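Hi,

Here is the structure I promised to pass on. Have a look at it, and my notes follow below.

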Number of protein chains: 2
Amino acid sequence: MRNLKLLIEYDGTHYCGWQIQPELPTVQGTVKRALEAILGEKVNLKGASRTDSGVHAYGQVANFTTDSGIHPLAIRQSLKDILPDDIVVKDVTVVPQGFGSRHDAKEKTYIYKIYNNTSETAIHRGRCWLVKRPLNLKRMQEAAKFLIGQKDFSSFQSAHSEADHSIREIHSVKVSREDVFIEIRVTGRSFLMHMVRIMAGTLVNVGKGKIAPEEIPAIIEAKDRKRAGVTAPSKGLYLVEVKY
Amino acid sequence: MRNLKLLIEYDGTHYCGWQIQPELPTVQGTVKRALEAILGEKVNLKGASRTDSGVHAYGQVANFTTDSGIHPLAIRQSLKDILPDDIVVKDVTVVPQGFGSRHDAKEKTYIYKIYNNTSETAIHRGRCWLVKRPLNLKRMQEAAKFLIGQKDFSSFQSAHSEADHSIREIHSVKVSREDVFIEIRVTGRSFLMHMVRIMAGTLVNVGKGKIAPEEIPAIIEAKDRKRAGVTAPSKGLYLVEVKY
């Protein structure tokens with residue numbers, strides 16, 4: 001019995017998220033079926049992050065155990081042949097038996113991409129959030145600092161969250177601009193449901209001048225989802241890296 | 001009679017290029033049909049650049065004359081409602097009667113995007129050329145300088161070119177790297193068929209060490225297509241701007 005770890009990049013546009021759902025196209029379901037075809041056995045594939053419908057990943061991590069002796073490089077090549085071109089398994093490696101992609105994750109990094117321009121984009125559609133009003137980068141950067149640390153992020157979680165508690169530890173939040181793109185890079189131990197998207201929606205309100213940067217601590221302290229900004233659309237979100 | 005100019009962005013992935021062809025999906029055909037539906041008259045739409053199948057554009061320019069009195073902003077809004085989301089008309093403006101998007105073009109800028117990484121990419125597929133071997137940026141930059149100026153670019157044109165002559169004037173060729181992306185930005189008065197793609201293919205050979213930068217002048221002087229590098233795939237090419 002071997003425990004195999006996959007490093008997966010995907011364009012989430014045409015998937016109803018990572019997690020398997022009957023009758024719906026999911027990334028987990030697509031990779032699992034490909035593995036089962038290659039290995040000729042049932043596969044229980046576990047992912048580090050349950051990305052939402054439309055969310056992308058540069059570095060999703062998943063693992064499964066198998067009795068098969070097929071070489072990891074051969075599995076990777078077969079996955080390349082079978083998988084659609086919007087899912088790429090970049091690496092297949094053997095890991096210790098006890099390793100779990102979800103439970104052993106020490107840190108995750110997400111980026112949220114905003115297209116801050118006056119007109120729609122054909123080329124970058126489905127890969128960023130179009131915000132037409134000019135955003136004030138400096139104010140967004142000031143506001144971002146207040147999101148760092150170990151806090152109760154109730155105000156930044158979906159009403160549908162089923163988490164036991166809402167205390168999370170955010171290591172860094174960086175906001176940068178390059179041409180018409182604004183990127184919010186968030187690193188933390190783990191995240192609540194929709195947490196990065198609500199952070200992005202709130203920072204966009206700051207950039208528009210609707211919220212002052214120094215109002216962020218009060219929004220956090222309120223522990224009230226209604227005090228934060230909108231949930232930014234999933235198409236702008238990317239899972240970049242999971243660290244162990 | 002008014003002459004209207006369109007500024008068009010498109011993701012060329014699903015089109016057989018700009019130029020209209022019977023029975024095939026083309027950008028020109030798609031925009032022309034949308035305009036005809038809006039204006040209720042035949043439209044003769046002329047584009048600045050006949051981009052190949054799979055080539056993208058941030059700033060294609062096209063124009064047509066019309067007897068319709070519909071406001072340009074209303075035409076733009078109707079185009080947004082009708083066109084598929086991989087074509088965006090960013091601007092519609094009235095221009096003088098004599099203006100021709102192709103013949104009056106003074107300068108065009110293209111970029112060619114290379115994804116220089118060891119594995120495939122799901123997120124950027126269809127939008128760049130994957131080159132797995134590490135490329136030497138400095139050598140590519142040195143080679144690029146030899147492509148600037150007014151020269152006979154016979155070595156850098158498709159065998160199927162129907163141009164009267166092959167002398168063209170290149171204003172600048174800049175090669176830059178950002179993370180795993182290498183971008184070649186080429187500006188010139190006008191271009192031969194596949195010229196930027198053959199330049200990109202040749203510069204990649206330089207980056208791989210197959211061609212020395214100082215060999216470029218001899219390749220140009222040979223006036224022989226076989227001396228230059230491969231025609232880089234169309235998916236990495238973008239028409240960025242047309243100046244008048």
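In chain A, 72% of the contacts between residues at least 6 apart in sequence join residues at least 24 apart, a contact being two residues whose C-beta atoms, placed from the backbone, lie within 7 Å. This is a predicted model, where local features need pLDDT of at least 70 and side-chain atom pairs count only at pLDDT 80 or more, while totals for chains, interfaces and linings use all residues. Residues are numbered from 1 along each chain as its sequence is written, with chains lettered from A and ligands numbered from 1 in the order in which they are written.

Chain A has 5 helices and 10 strands (DSSP runs, H or I of at least four residues for helices and E of at least two for strands, numbered from the N terminus). Of its 244 residues, 40% are buried, meaning that 20 or more other C-beta atoms, placed from the backbone, lie within 10 Å of the residue's own.

Now the pair. Chain B and chain A each bring 16 residues to their contact. On the chain B side, strand 1 (2-10), strand 3 (56-66) and strand 4 (87-95) each give at least two residues, and strand 4 of chain B has the largest share, with 3 residues.

Chain B superposes on chain A by a rotation of 180 degrees with 0.0 Å of shift along the axis, at RMSD 0.0 Å (least squares on C-alpha atoms of residues with pLDDT of at least 70 in both copies). The two copies are therefore related as by a two-fold rotation axis. His124(B) has the C-alpha nearest that axis in chain B, 4.9 Å away.

Best wishes

Methods
A residue is buried if 20 or more other C-beta atoms lie within 10 Å of its own, exposed if 12 or fewer, and partly exposed in between; C-beta atoms are placed from the backbone.
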